[in-house]
Every structure is written in structure tokens, then in C-alpha cells.
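Subject: Structure for your files

Hello,

Here is the structure I said I would pass on. My notes on what was found follow below it.

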Amino acid sequence: MLTGLGLNPIEEDVYLRLVDRGEATAVALGAALDHPADVVVEALGSLARHGLVTSTPDEPGLYVAGPPTVTLGSLLAAQRDVLHQVEFAITELAERHRAAASRDLGGLIEIVTGVQPISRRFLQVLESADREICGFTKAPPVAVGPRDNPAEAVVAGRGLRMRTVIEQSYLADPDARVDIDQALGRGQEIAIAAELPVSMVIADSAIALVPAFADPQDTPRAVLINSSGLLSPLVTLFEKTWSEAYPLNSRTVIDGDPIPYAEGAPAPAQLAPLDAKILDLLLAGLTDRAAANKLGVSLRTVTRRIRHLMDLAGADNRIQLGWRATQRGWI
């Protein structure tokens with residue numbers, strides 16, 4: 001029972017018997033426990049050094065047990081300190097082990113831990129690009145939110161191409177539309193996908209930062225990948241997803257102005273500004289109700305306008321509406 005506090009079995013026997021008796025001599029304890037007298041004396045000496053027993057001044061051979069809540073409590077606190085030190089040492093060894101593992105991989109990957117280190121690596125990845133930055137954006141962000149994203153400062157004036165696929169759930173953020181409009185205005189290319197497997201950013205198909213899956217309560221982690229062999233599947237995944245995602249454009253819809261049509265498209269009809277906005281939101285994956293909330297109109301209005309768009313495009317269903325809208329240059 002008390003060996004976990006550092007007592008050996010003999011010391012535990014002697015202490016427990018002394019607690020039961022209140023006071024006793026070494027000889028009496030040895031006889032009661034069937035231990036040799038010299039062993040009991042040695043145990044009492046060790047217990048006295050730990051402050052668990054004391055001998056009375058009047059009778060040096062008579063021992064008394066100290067209050068367990070006080071004496072054993074101090075031992076327990078000491079053991080806790082030791083365990084905390086061991087826990088810290090284990091954490092340090094784990095970090096050294098991960099660092100050694102990274103060296104064994106020839107520096108091909110690096111595990112980045114914590115919000116600030118991840119943000120710093122994210123900016124370094126952006127700054128390393130010479131041609132293009134591409135990536136996926138899921139919600140919620142792991143370490144760098146959309147309004148903390150330094151991409152604008154990095155990309156501006158450098159002639160870099162920036163392509164981003166955004167997960168549809170990201171649009172649930174009330175400010176998402178503003179963020180997207182501002183990004184499109186800066187020349188970024190953005191497309192919407194129903195679901196993305198992971199968030200990531202890739203610079204020049206040469207280096208990538210990928211947040212690791214973790215519980216939201218855990219410390220954020222990310223993997224920095226420098227190997228072309230490891231990067232190739234990520235680049236392929238991005239290009240495939242990009243080709244299948246719904247592209248957004250940076251057109252500005254002004255009340256009363258018609259929507260431009262693609263060259264060679266069927267004769268254009270006038271598309272009202274509200275219809276253009278509804279079409280954008282619909283093809284971006286929003287439900288009728290979500291689109292109504294975004295635009296500040298009634299659900300009935302959105303449903304009625306979508307029906308009008310289908311009639312205008314000669315579409316039998318909403319999927320066909322998307323195809324016809326592309327054909328006519330509405331998107």
C-alpha cells in the first residue's frame with residue numbers, strides 16, 4: 001500500500017504496526033512482526049529520516065508514529081514532484097525522438113507544433129514561391145484564419161498565381177462572401193468544392209504545409225513537406241479537385257446592368273442583378289434558404305427566381321441549369 005511512496009515492505013510493516021499500537025519499542029515490533037531485531041531497527045531509522053516516526057526524549061527506545069495525513073502527505077507531494085519531472089523528461093525525449101526521426105528522413109518532413117510556429121512556417125511557405133501558390137481551405141482553420149492570412153502581402157506585386165479551393169461549409173461564415181469577394185478582387189482564383197479531405201498550402205509544387213488531424217482541444221500540429229516524392233500525390237489531388245470544383249469569378253454586378261455572355265454563346269437574355277447573385281450562390285452550393293439569408297430576401301423569392309432562371313435557360317432541373325448557365329456565359 002505504501003511502497004508507492006518509496007517505503008520498502010519491511011518499513012511498511014513496521015509503520016503500519018506502529019500506527020495501530022500508537023507507540024512501541026523495536027523489540028516489541030520485531031516480536032509482533034516476526035522480523036529480526038536489527039532489521040526492525042534499520043527500518044525505524046529509515047522511517048525516522050523520512051519523518052514518519054519519532055522516538056520519545058524520555059525513552060529513546062520507544063517509537064511513536066507521526067500523523068499520517070501530515071507525514072505521508074509530504075511523501076506524496078515529493079513523489080508527485082518526481083513524477084512531474086519524469087513526465088517533463090518523457091516529453092523532452094519524445095521531442096528529441098521526433099527530431100531524430102526527421103533527420104533520419106533526410107529533412108524531408110518537419111512536424112510543426114503550436115499556433116505561432118505554424119503561422120511562421122505558413123508565411124515562409126508563401127514567401128518561398130516564385131510561380132504559384134495553391135491550396136485547400138476547410139473550416140474551421142487550424143492556425144491561420146482567413147482574416148489573418150498573409151497571402152495578400154506576399155502575392156501582391158510579385159506576379160504569382162494563387163488558386164484556392166474552398167470547402168462549401170466555409171460559406172456558413174457570415175463574413176465568407178466578403179472575404180471571397182476581396183480575394184477575387186486581388187486576382188486570386190477561387191473555386192468551391194462540396195468537401196475537402198484536408199487543408200493545405202503548396203508553393204511551386206516544391207514545398208507544402210499540411211495541418212495534422214487533431215482534436216480541437218489539442219495543440220495544433222502541421223507537417224511541412226519538402227520531398228517531391230511525397231508532394232506529388234498532393235499536387236495531383238489539388239489539380240483533380242480544382243478541375244472538378246465550381247469556379248467563382250470576380251465580376252461586379254451593378255443594378256440595371258446586364259450580365260456579360262461568353263463569346264459565341266446563344267443570344268443573351270437580360271439577367272437581372274438579383275438573379276445573377278442567386279445563381280452564384282446556388283452554384284456555390286448554398287441551399288435556397290441560405291441564399292435567401294445571404295441576400296436578405298424571402299425564401300419564396302429565391303425559389304421563384306430560380307424557377308425563372310430555369311425557364312430562361314430552358315433547363316428541366318437545377319443540374320441542367322448549371323450546365324446551361326455555363327454555356328450561356330452567365331458564370
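Rings of Phe, Tyr and Trp (for Trp, the six-membered ring) pair if their centres lie within 6.5 Å; planes under 30 degrees apart count as stacked, over 60 as edge-to-face and the rest as tilted. By that rule the structure holds 2 aromatic pairs. In one of them, F238 and W242 are stacked, at 5.9 Å centre to centre with 20° between the planes.

Two remarks on provenance. This is a predicted model, in which local features need pLDDT of at least 70 and side-chain atom pairs count only at pLDDT 80 or more, while totals for chains, interfaces and linings use all residues. Residues are numbered from 1 along each chain as its sequence is written, and side-chain values use heavy atoms, with hydrogens and water left out.

F238 and W242 both lie in helix α8, 4 residues apart, about one turn of the helix; helices (H or I, at least four residues) and strands (E, at least two) are DSSP runs, numbered from the N terminus. F238 counts as buried because its relative accessibility is 0%, and W242 counts as buried at 17%. Buried means under 20% relative accessible area, exposed over 50%, and partly exposed in between (1.4 Å probe, protein chains only). Ring pairs also link F136 with F238 and W242 into a cluster.

The sheet is open and mixed, with 8 strands in the order β4-β10-β9-β8-β5-β6-β7-β11; two strands pair if DSSP finds at least two bridges between them. Its edge strands are β4 (109–113) and β11 (246–247), each pairing on one side only. Strands β6 (residues 161–167) and β7 (residues 189–193) pair in the parallel sense over 5 bridges, and I166 stands opposite I192 in β7.

The largest nonpolar core has 31 residues, of which I180, L248, L321 and W330 touch the most other members. Such a core is a set of buried Ala, Val, Leu, Ile, Met, Phe, Trp, Tyr and Cys residues joined through side-chain atoms within 4.5 Å. Helix α9 supplies the largest share of this core, 6 residues. Leaving aside neighbours within four places in sequence, L248 is in contact (heavy atoms within 4.5 Å) with I180, L184, I190, A191, I192 and A284.

Last, helix α2 (residues 26–33). Its buried residues are A26, L29, G30 and L33. Seen down the axis of α2, they fall within an arc of 100°, so they line one face of the helix; the arc is that of the directions from the helix axis to the C-beta atoms. V27 and A31, on the other side of α2, are exposed.

Regards
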